[in-house]
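Here are my notes on the model, as numbered points. Please read them with the coordinates open.

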Amino acid sequence: MSEFEHDYPFDPAYGRSLDELLDIPAPAPPDGFDAFWQDRFAAATGVTTAPAVGPQEDERDGCRIFGVSYTSVGGLRVGGWLVLPAEGPVEHGFVIGHGYGGRQEPGADVPLPLPRSAAILPCVRGMGARSRRPGIPGESEEHVLYGIGSRATYVIGDCVADLWCAASALLELVPELMNEPEDGAGARLGYVGESFGGGLGALALPWDERFARGQLTVPTFGNHPLRVTLPSVGSGESVRAYRERHPEVMDVLAYFDAATAAARIRVPMMVAPALFDPAVPPPGQFAVYNALPERRELHVLRAGHFAYAGERADLAALAEARHAFFAAPPA
């Protein structure tokens, strides 16, 4: 029985205990999975991102916040925010992905996980306040289906590339991040992503050695074969309904499975999956964590995508754990 009272016509805990969730595997990779993503990464890192920084828009929590844009694959300009320390040199760098509601402002992503950090907060193509583009749906239920008929055209692949190009843009804007820290402490370039951004991060990190650590919260796109059997709300339900009409889509989704990709990540990771989540079924979230081969930390949340008493304290505890994770010396 779910811990929380709710009005959903299904159980957002999906009848699984923590022990059962920790047993959910990742699907086997389809033929050419690694080559597909390696080719996508090579194309993204070949892009001249030409980042452009706008005037300062805010200063808070020890950070200066600027508008930024850069070029991603297909020649598309992606917008977002650049965050720099208000004082002193940059010692850490982050790419921070957003959820499937898009990003309208830096919001709770500032303060950053570590002080004296630079970060880029992109709005991936079609999403948020700064990357709306004609022809790409801006609502999650439609965005998640855009180009889904082929692995070559599926928008999720280009959104992953937007993150790789964000890293390239950040390193161009803050070139000192290319240097090794003298004391060897902490991650030099970290990734943080929640929900949609968590799933994109799991797909992005196996192929990009510029990232030293990653933290994913309630990550989506985990174990598609199981996920499409579970009712939910939002983008997941949109994919489930589409699959009922077009079962052949599973051949495409196999290349965009966050759990399959997570099995290939070789850097320390912290995952914060939820036991109860009406938007991203917990079995898929835990599949991402379970697939990680080594150097992983688990921070279980009571719920995701759901307001509840005590949520603020739980999120504060997650922020504290995230800080400790990124501040830890290299393994």
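1. The buried residues of helix α7 (residues 235-245) are covered by parts that include α3 (140-143), α6 (224-227) and α8 (250-253), where contact means heavy atoms within 4.5 Å. These buried residues are Ser-235, Gly-236, Ser-238, Val-239, Arg-240 and Tyr-242. Buried stands for under 20% relative accessible area, exposed for over 50%, and partly exposed for what lies in between (1.4 Å probe, protein chains only). Helices (H or I, at least four residues) and strands (E, at least two) are DSSP runs, numbered from the N terminus.

2. On provenance: this is a predicted model, in which local features need pLDDT of at least 70 and side-chain atom pairs count only at pLDDT 80 or more, while totals for chains, interfaces and linings use all residues. Residues are numbered from 1 along each chain as its sequence is written, and side-chain values use heavy atoms, with hydrogens and water left out.

3. Nine strands make up an open sheet of mixed pairing, in the order β1-β2-β3-β5-β4-β6-β7-β8-β9; two strands pair if DSSP finds at least two bridges between them. The edges are β1 (52-60) and β9 (296-298), each with a single partner strand, so one side of each has no neighbour in the sheet. On average, neighbouring strands of this sheet are turned by 20 degrees against each other, direction ignored. Axes are lines fitted to C-alpha atoms, for helices over the stretch in contact, and angles run from 0 to 180 degrees between N-to-C directions.

4. Glu-59 has Arg-64 in β2 as its bridge partner.

5. Strand β4 has five of its five residues buried, so the rest of the structure largely encloses it. His-92, Phe-94 and Ile-96 are buried on one side, and Gly-93 and Val-95 on the other. β4 pairs with β5 in the parallel sense over four bridges, and Gly-93 has Ala-118 in β5 as its partner. Four bridges also join β4 (residues 92-96) to β6, again parallel; here Val-95 is partnered by Tyr-191.

6. Strand β6 (residues 189-194) is mostly covered, with five of its six residues buried. Five bridges link β6 in parallel to strand β7 (residues 213-217), with Arg-213 as the bridge partner of Gly-190. Together with helix α5 (residues 196-204), β6 and β7 make a right-handed β-α-β unit. Right-handed means that, with the strands pointing away from the viewer, the path from the first strand over the helix to the second runs clockwise.

7. Helix α10 (residues 282-291) lies across β7, β8 (269-272) and β9, at about 145 degrees to β9.

8. The aromatic pairs number 19; rings of Phe, Tyr and Trp (its six-membered ring) pair if their centres lie within 6.5 Å, with planes under 30 degrees apart counted as stacked, over 60 as edge-to-face and the rest as tilted. Phe-41 and Trp-164 are edge-to-face, at 5.2 Å centre to centre and 75 degrees between the planes. Phe-41 belongs to helix α2 (residues 33-45) and Trp-164 to helix α4, so the pair ties together parts 123 residues apart in sequence.

9. The charged end of Arg-213 sits over the ring of Phe-325, 5.1 Å from its centre. The criterion is NZ of Lys or CZ of Arg within 6 Å of the ring centre and within 35 degrees of the ring normal.
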